[in-house]
Amino acid sequence: MCFILHSAAVRQGIVDTVKRALGDPKVKSVVICGQNGIFCGGADIKEFGTNMSGPPLVPMIHAIEAANKPVVAAIEGSALGGGLELALGCHYRIAHSKARLGLPEVSLGLLPAAGGTQRLPRLIGVPAALDLITTGRHVAAAEALQLGVVDRVAEHSTVDAAVKFALSVAAKPLDARRISTYPCPCPSDFDALFEGAMQKVRQNARGAIAPVACVQAVRAAATRPYLQGMEREKELMATLFTSGQARALQYCFFAQRAVSKWSMPNGARWDTSKPRPVHKAAVIGLGTMGRGIAVALAQTGLSVVAVETQEKQLMEAKQAVSGMLERGAKRRGLTPAALHKISYSHDIQAVADVDLVIEAVFEDMALKKKVFQQLSAVCKPGTFLCTNTSALDVDHLASQTRNPELVVGMHFFAPAHVMKLLEVVYGPQSSPQAVATAMQLGKKMGKVGVAVGNCRGFVGNRMLKPYIEQAFFLLEEGATPELVDRALEEFGFPMGVFRMSDLSGLDVGWRVRKGDGLVESGLASGQPTRLREGRRYSPLGDLLCEQGRFGQKTGRGWYQYDQPGSRVARSDPWFHSFLEEYRARHGLVARRIDHQEVLERCLYALINEGFRILEDGIAAGPEDIDIIYVFGYGWPRHRGGPMFYAGMVGLARVLERLEHYHQAHPDVPYLQPCSLLRRLVASGSPPVHRWREVIKKLHSQL
Ligand SMILES: CCC[C@H](O)CC(=O)SCCNC(=O)CCNC(=O)[C@H](O)C(C)(C)COP(=O)([O-])OP(=O)([O-])OC[C@H]1O[C@@H](n2cnc3c(N)ncnc32)[C@H](O)[C@@H]1OP(=O)([O-])[O-]
């Protein structure tokens, strides 16, 4: 018999049908399978937080395990979460060779609470179960077989194989097949194992509580009888279930899927815009970003033309890209086939026949303009021209070409072959097909693409500006880089703003500020002013750059490093006395600044800019901003992204604190609450999924 599992109706169907099968003397054994080639993706996440109806999962799985006829799970596609837990309740598991299995609940802020934390360690041992449950990683059928999660792997029809197998074991005793009755294999180094596991998850979790609860639940499996372990699993799940973290992580799950359903202000949408196939692509400029992009493109199986006009740089890049592809293939146990997908040239004419070009030359408008003019002349008609700028005007570049509708931004994040985020930037002239093609190519490259409008810094970098600005101001007012970074890292960022600035290089922002005319001449005198056009400005970063302190690469920045290029940031007494002198020179009196002020000033300023971005229609909804921050800027996923976080804090509270800080710092426009935030508060602070209605109303009145 075949069943489908998903929501309340499905569970009811399983309970009824299994009962009927077990009571029917003609039925000798039972096979459970999914529909449309997918065994089961687990519990319906949309059901969480609602009044769950239908039979609960745990007694359903117990009844299957207790059955007196063999029950075989035929796993095709995925068996995830509750789906795998159901399979663990069956007496045998047969998986298709392409199937993937896992307990990803931890990534939703939960734990496998339908017996997963109690059965899996009994089946495959504590270390392997801890690995799967605390990371939530999916395993392929071959690994599942090796670990002992499944009994057999089928190459062809899994259901046929399972039916045949079920008939062959119809008369066999089942006592040894009920996992809940197994003793949990207890390793001799029990305490060390759990201490090590706990330390590891705490280190990686950045404040997320679900991984810690997962370890506690597995520990219960190893120390308590099955039923008591189930009680502990239930208790821990109840705590997680009501936590804000579970809500945030489940929001991220749906937000990630929502952003793929992009729309543009002109009404173009993902479901009405057809992408054009891309068979051959080119990258122009083989610096750090260009190399990463070339690797990511080649790994999709596309033919890639990599162009770098400087011969020496071209040779170096060729070596570096080959190394990256070889290491990537080795990690995945493959031969580096992508190596042969790339051809290199120093001549831009080599891109004449490609379908899409990604320009990744130095971040300089004059240079990029020249490249776009050349591309427009060289490429065959219809070639999409994309720029990997991180902040420059995409429309201006489009205007250099004969067909501006073919131009979009594809903003990758370093290292481009690793980082998941891709901002796809459209201008008023970009065609829906160009956006659809860039989004589809991003997906092929394993990226999470977010389509956004064109403005300075797009979404991510635009919001970063007020965040960094506040961090600089906090130093002037009495904080240290250590204090600011600690507050942000305790919040859950992998790196605070100053450690991040040292890593990416202080000179990057310096160059941009110089280009904007913000860096005053005569800095050497050490007396630059702290105002630009009536706005407060901190020249601290400029002063460090003047001293050649560019961060890790020079061994000095906001921190000091043992040597240029080394990664361990150490507190720098030089910087502390420099800061004191700076404050004294400008008549600034240091005051005590606590973590709460750091978080409120840095994060609320960033969130406020997020509201402006929504107001301006640069991002279609809060989900787009949140996904950009979670995937590209290290925002802790268990806090859902900045806009979701604002809702968790309470919009009225965010507004009140911004008003407070703006009053104290009237010369900082970024702290002035945005009118969309005011409007949302006035509309009763609706939940984040209803903000679009308020935004739509606002836009219709403009
Ligand atoms: C008591 C405790 C019990 C248990 O321990 C708890 C759990 O099981 S927790 C659960 C543990 N399980 C997981 O964490 C597995 C989560 N799911 C996945 O990893 C992938 O969806 C899957 C691999 C299954 C398919 O990938 P794919 O083929 O690329 O397809 P896709 O990803 O694009 O999704 C297609 C559509 O289905 C939607 N949707 C999907 N799953 C769920 C769900 N569980 N629920 C609701 N909806 C779900 C998804 O939103 C999308 O909707 P839309 O409206 O079309 O945008």
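Helix α25 (residues 642-649) and helix α26 (residues 651-664) pack at an angle of about 95°, and their axes lie 5 Å apart. The structure is a predicted model.

**Helices α25 and α26**

- Angles of 65 to 115 degrees count as roughly perpendicular, and α25 and α26 are therefore roughly perpendicular to each other.
- On the α25 side, the contact is made by Ala646, Gly647 and Val649; on the α26 side, Leu651, Arg653 and Val654 take part.
- Sorted by class, the residues in the contact of α25 with α26 comprise 4 nonpolar, 1 polar and 1 charged.

**Helices α5 and α8**

- The axes of helix α5 (residues 126-135) and helix α8 (residues 190-205) come within 11 Å and cross at roughly 15°.
- Because angles under 35 degrees count as roughly parallel, this crossing angle makes α5 roughly parallel to α8.
- The crossing in which α5 passes α8 is right-handed.
- Helix α5 contributes Val126, Pro127, Leu130 and Thr134 to the contact, while α8 contributes Leu193, Ala197 and Val201.
- By class, the contact of α5 with α8 contains 6 nonpolar residues, 1 polar residue and no charged residues.

**The sheet of β3, β5 and β6**

- Strands of a sheet pair through backbone hydrogen bonds, and the pairing may be parallel or antiparallel.
- Here, 3 strands form an open sheet in the order β3-β5-β6, and the pairing is mixed.
- Strands β3 and β6 (139-140) stand at the edges with a single partner strand each, so one side of each has no neighbour in the sheet.
- Strand β3 runs parallel to strand β5 (residues 100-102), and 3 bridges join the two.
- Within this pair, leucine 80 stands opposite glycine 102 in β5.
- Helix α3 lies across β3 and β5, and α3 runs at about 90° to β3.

**The shell around the ligand**

- There are 22 residues around the ligand, and those that come nearest are Gly41, Gly42, Ala43, Gly81 and Gly82.
- The elements giving two or more residues to this shell are β3 (78-80), α3 (82-89) and α11 (244-258).
- By class, the shell around the ligand consists of 11 nonpolar, 6 polar and 5 charged residues.

Methods:
Residues are numbered from 1 along each chain as its sequence is written. This is a predicted model: local features need pLDDT of at least 70, side-chain atom pairs count only at pLDDT 80 or more; totals for chains, interfaces and linings use all residues. Axes are lines fitted to C-alpha atoms, for helices over the stretch in contact, and angles run from 0 to 180 degrees between N-to-C directions. Helices (H or I, at least four residues) and strands (E, at least two) are DSSP runs, numbered from the N terminus. Angles under 35 degrees count as roughly parallel, over 145 as roughly antiparallel, 65 to 115 as roughly perpendicular and the rest as oblique. A crossing is left-handed if the near helix is turned anticlockwise from the far one by less than a right angle, and right-handed if clockwise. Two residues are in contact if their C-beta atoms, placed from the backbone, lie within 7 Å. Ala, Val, Leu, Ile, Met, Phe, Trp, Tyr, Cys and Pro count as nonpolar, Asp, Glu, Lys and Arg as charged, and the others, Gly among them, as polar. A residue is near a molecule or strand if its C-beta atom, placed from the backbone, lies within 6 Å of it. Two strands pair if DSSP finds at least two bridges between them.
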